[in-house]
Amino acid sequence: MDYIHGYSSRESERLTDQADTLAALVLEGITFPAGHLVLEPGCGVGSQTVHIAAASPAARFVSVDISEASLAAARHRVAGAGLANVSFECADVYELPFPDHAFDAVFVCFLLEHLPRPQAALTELRRVLRESGSITAIEGDHGSAYFHPDSEEAREAIRCLVELQARAGGNALIGRQLHPLLSAAGFRDVHVEPRMVYVDASRPDLVDGFTRRTFTAMVEGVRDQALEQGLMAVERWDRGIADLHRAAAADGTFCYTFFRAIAGR
Ligand SMILES: C[S@@+](CC[C@H](N)C(=O)[O-])C[C@H]1O[C@@H](n2cnc3c(N)ncnc32)[C@H](O)[C@@H]1O
């Protein structure tokens, strides 16, 4: 598949930095009752899996991904965390190898943004949920990034990522669409909570973990594609990236909003 961020070890590290940095913010309060069976599609290298499985030790998780290599890394990570309540399977979210109503809950994070047909995926996820089941969906929205000092080149570099993700069939602006997408897929009582990350020098963990190692690293990761596809001249690109790093300086600030949706089947 055309997964925009690729499967390099650097990207795996970035996903883990992202999950660890954001766990308190985006995963806050997400727990599943004892005995519940939870499906996590697009689990990747297990960066979120370790957090959700640790928070609900008496629930059982089935985490699936389309990439065998990512699943191997996820298995390793989960075993390393000493968690025994997760099983893994290679599966495509559009055609899940599970019967109707098999799960009590679905947890999906940073997958829909990469799918050409997010609504079809949600319809398939709804199929495998039991009648009173629920879905939790978390996505970012790169249109929500703003920072100080402001920079036209930095904004242009972010737009390159949005454009490249669109060319690969995804949608980096999907956070703002969670409510309509879930509603159109048939979910009810859809409730979307925006979760804003605000970073300044008084929060050094976020300066490093979010501004530098999550967001800027993600934009930097598409440098070759952006330049090869002629989306930006190299000097402007380098300036844009330098300006994103500049927002992580002692007098810089950075804002980004994640969207967390919870809905019933
Ligand atoms: C950005 S990663 C997110 C991983 C993880 N949820 C996290 O938040 O760290 C997206 C993952 O979705 C997987 N993926 C993409 N298309 C898929 C599909 N059709 N079915 C299942 N997984 C898919 C990719 O292989 C990748 O591991």
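Colleague: What is the relative accessible area of Met196?
Modeller: Met196 is partly exposed, the class between buried (under 20% relative accessible area) and exposed (over 50%), with a 1.4 Å probe and protein chains only. This is a predicted model, in which local features need pLDDT of at least 70 and side-chain atom pairs count only at pLDDT 80 or more, while totals for chains, interfaces and linings use all residues. Residues are numbered from 1 along each chain as its sequence is written, and side-chain values use heavy atoms, with hydrogens and water left out. For Met196 the relative accessible area is 41%.

Colleague: Which strand holds Met196?
Modeller: Strands are DSSP runs of E, at least two residues, numbered from the N terminus. Met196 falls within residues 188-199, which form strand β7.

Colleague: Which residues touch the most other members of the largest nonpolar core?
Modeller: A nonpolar core joins buried Ala, Val, Leu, Ile, Met, Phe, Trp, Tyr and Cys residues through side-chain atoms within 4.5 Å. The largest one has 52 residues. Those touching the most other members are Phe107, Phe210, Phe215, Val219, Trp237 and Phe254.

Colleague: How many residues are in the second, separate core?
Modeller: This core includes Phe98, Val108, Val128 and Leu181. Its count of residues is 32.

Colleague: How far from Cys90 is the nearest cysteine sulfur?
Modeller: A disulfide is a pair of cysteine sulfur atoms within 2.5 Å, and the count comes to 0. Cys90 is in no disulfide; the nearest cysteine sulfur, that of Cys43, lies at 9.4 Å.

Colleague: Is Cys160 buried or exposed?
Modeller: Cys90 is partly exposed at 36% relative accessibility. Cys160, at 4%, counts as buried.

Methods:
Helix = DSSP H or I, 4+ residues; strand = E, 2+ residues; numbered from the N terminus.
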